[in-house]
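Look over the sequence and the fold before reading on.

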Amino acid sequence: MKRRGLAAVVVFTFVVGLTVGLYMNNLETPSPISSASAAPTVKSEALVSPTEARARDFYAPNSETLAPDEMRVIACGTGMPSQRMAQAAACFLVELGNGEKFLFDMGDGAAERLSALQIPYDFLDKVFLGHLHGDHFGDIGTLFVGGGLMGRHKPLRIWGPSGSKPELGTAAAIDHMEKMFAWDIAGRLGQTDIRGFTTDVTEFDYKKPQVIYEENGVTIRSFPAIHAIDGAVSFTLEWQGLKFVFSSDTYPNKWFNEYAKDADLAIHECFITVPDLIEKWRLTPEAALQVGTQIHTAPEAFGKVMSMIKPRHAVAYHFFKDPDTTGPILERIRKTYSGPSAWPRTTWSGTSPGIRSRSEWPS
Ligand SMILES: [Zn+2]
Ligand SMILES: [Zn+2]
């Protein structure tokens with residue numbers, strides 16, 4: 001099974017000119033090394049350490065011009081509800097060749113990763129929240145205050161779903177966040193530019209598939225997701241014939257199958273396997289089944305979703321990307337999906353003919 005899966009990835013690499021990330025590079029066979037007994041035939045100048053810039057096989061922030069028709073998606077966070085140094089929780093940045101930038105979810109730890117991209121904060125003013133779990137909006141306060149201090153001289157615009165009652169909706173959550181920072185904001189009055197210390201919240205009906213943003217040729221839709229309780233949504237972003245889809249958190253559902261069809265880049269949650277939830281996270285078997293296959297999407301179910309919507313490029317996220325967890329996840333995905341896929345902590349960029357996938361910058 002695993003062998004067939006890898007073959008499919010390699011075929012895709014050839015077809016669309018994909019540069020695979022660090023994970024795949026590690027699987028390549030190293031170049032043969034000359035035997036110790038052979039006479040040295042290499043000219044001495046070839047041994048000099050190179051001093052000229054070389055092509056990179058990873059994405060380095062602020063080092064590549066985005067073409068006018070290009071979309072770049074950077075995974076700022078792909079982790080789990082629990083925090084760790086190596087991987088922030090859910091956050092994806094979409095950059096368009098027309099200069100527009102959009103953040104999808106703002107999970108714990110993502111603000112730090114975002115800051116490393118060195119994008120002026122005036123342009124990081126649009127956030128779309130899929131639901132109000134901390135691992136999807138826990139760093140919104142950090143972006144609100146930190147962005148306001150670092151150059152966002154306008155309100156932070158936030159789109160998010162309603163809940164089953166007003167106090168469970170995005171407007172109430174952000175209102176409370178601003179109140180939480182009352183002392184912080186009061187302490188800056190008269191001492192710093194506080195134009196960025198305001199929000200502009202658009203709360204939309206979580207039940208209704210609808211266009212929630214339409215500006216400058218960009219269309220963003222929300223549609224219902226099935227996750228925990230009422231009030232979770234997924235998104236599509238369409239621009240110049242390119243389609244980006246982000247599930248946030250969801251169990252597989254008919255709306256995703258309908259609206260995510262034919263996506264160029266489909267990012268869908270894929271949780272850690274049930275055996276690993278029991279062994280590594282110490283969940284009871286009952287809790288592991290509930291969390292790993294009902295509240296979230298199991299790897300086999302992720303594969304089934306992708307087999308149905310057939311994206312040009314599928315991305316699984318929402319698990320700790322460790323050597324001992326990713327193998328079992330890939331194996332299970334390949335039981336139901338053989339198409340092109342990539343791993344989290346990655347940057348994707350592309351126009352209509354192709355998508356290039358690379359690892360993040362080394363850290
Ligand atoms: Zn969630
Ligand atoms: Zn989550």
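## Terms and source

Two strands pair if DSSP finds at least two bridges between them. Helices (H or I, at least four residues) and strands (E, at least two) are DSSP runs, numbered from the N terminus.

This is a predicted model: local features need pLDDT of at least 70, side-chain atom pairs count only at pLDDT 80 or more, and totals for chains, interfaces and linings use all residues. Residues are numbered from 1 along each chain as its sequence is written, while chains are lettered from A and ligands numbered from 1 in the order in which they are written.

## The β7–β8 hairpin

Strands β7 and β8 make a hairpin, with two residues between them. In the turn, N216 has a positive phi of about 55°. β7 (residues 210-215) and β8 (residues 218-224) pair in the antiparallel sense over five bridges. Across from E215 stands V218 in β8.

A residue is buried if 20 or more other C-beta atoms lie within 10 Å of its own, exposed if 12 or fewer, and partly exposed in between; C-beta atoms are placed from the backbone. Of the six residues of β7, the number buried is zero, so this strand lies largely in the open.

## Helix α5

Helix α5 spans residues 140-149, and its buried residues are I140, L143, F144, G147 and G148. Seen down the axis of α5, they fall within an arc of 110° (taken from the directions from the helix axis to the C-beta atoms), so they line one face of the helix. Just after α5, G151 takes a positive phi of about 125°.
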